[in-house]
Amino acid sequence: MSDYVDEFRGNIKYYREQRNISQTQLAISCDCGTGTIGGIESGKAKPSFDMIVRIAEALQVSPADLFVRDATKSKSQIKTELKDKFSDFLLSL
């Protein structure tokens, strides 16, 4: 489960930095305390579903984009990882 949490946290930071938004600016857009975004990005806080939706809206992405994959990886890196995992799975049969 920590892989999902780490990717979620990383994706928030990635999209925030892509839009050149500080944690404080994102917190203001999400109508939350200034430490909330920092807590989420550091893994010290877990956001509610409503907060996830507000973060996604503020970052102009779908909430699903925050969970789908590590946004910092290229599509070719993801394809390679998936091929490796699939090959490992097939070999385990």
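This is a predicted model: local features need pLDDT of at least 70, side-chain atom pairs count only at pLDDT 80 or more; totals for chains, interfaces and linings use all residues.

Lys13 belongs to helix H1, which covers residues 2-18, and its C-alpha atom is separated by 9.7 Å from that of Ser42, a residue 29 positions away along the chain.

Helix H1 also holds Asp6 and Arg9, which are three residues apart and so separated by about one helical turn. These two residues form a salt bridge in which the closest N and O atoms are 3.1 Å apart. Asp6 is partly exposed, with a relative accessible area of 41%, and Arg9 is likewise partly exposed, at 23%.

The structure holds two salt bridges, and another pairing to consider is that of Glu41 with Arg16, whose side chains meet at 2.6 Å, N to O. Because Glu41 lies in helix H3 and Arg16 in helix H1, this pair ties together parts that are 25 residues apart in sequence. Both Glu41 and Arg16 are buried.

Glu41 takes part in a helix contact as well, in which Gln23, Thr24, Leu26 and Ala27 of H2 meet Thr34, Ile37, Gly38 and Glu41 of H3. By class, this contact of H2 with H3 has three nonpolar, four polar and one charged residues. Helix H2 (residues 23-30) and helix H3 (residues 34-42) pack at an angle of about 110°, their axes being 7 Å apart, which means that H2 is roughly perpendicular to H3. The crossing of H2 and H3 is right-handed.

Definitions and conventions. Residues are numbered from 1 along each chain as its sequence is written. Side-chain values use heavy atoms; hydrogens and water are left out. Helices (H or I, at least four residues) and strands (E, at least two) are DSSP runs, numbered from the N terminus. Axes are lines fitted to C-alpha atoms, for helices over the stretch in contact, and angles run from 0 to 180 degrees between N-to-C directions. Angles under 35 degrees count as roughly parallel, over 145 as roughly antiparallel, 65 to 115 as roughly perpendicular and the rest as oblique. A crossing is left-handed if the near helix is turned anticlockwise from the far one by less than a right angle, and right-handed if clockwise. Contact means heavy atoms within 4.5 Å. Ala, Val, Leu, Ile, Met, Phe, Trp, Tyr, Cys and Pro count as nonpolar, Asp, Glu, Lys and Arg as charged, and the others, Gly among them, as polar. A salt bridge is a side-chain nitrogen of Lys or Arg within 4 Å of a carboxyl oxygen of Asp or Glu. Buried means under 20% relative accessible area, exposed over 50%, partly exposed in between (1.4 Å probe, protein chains only).
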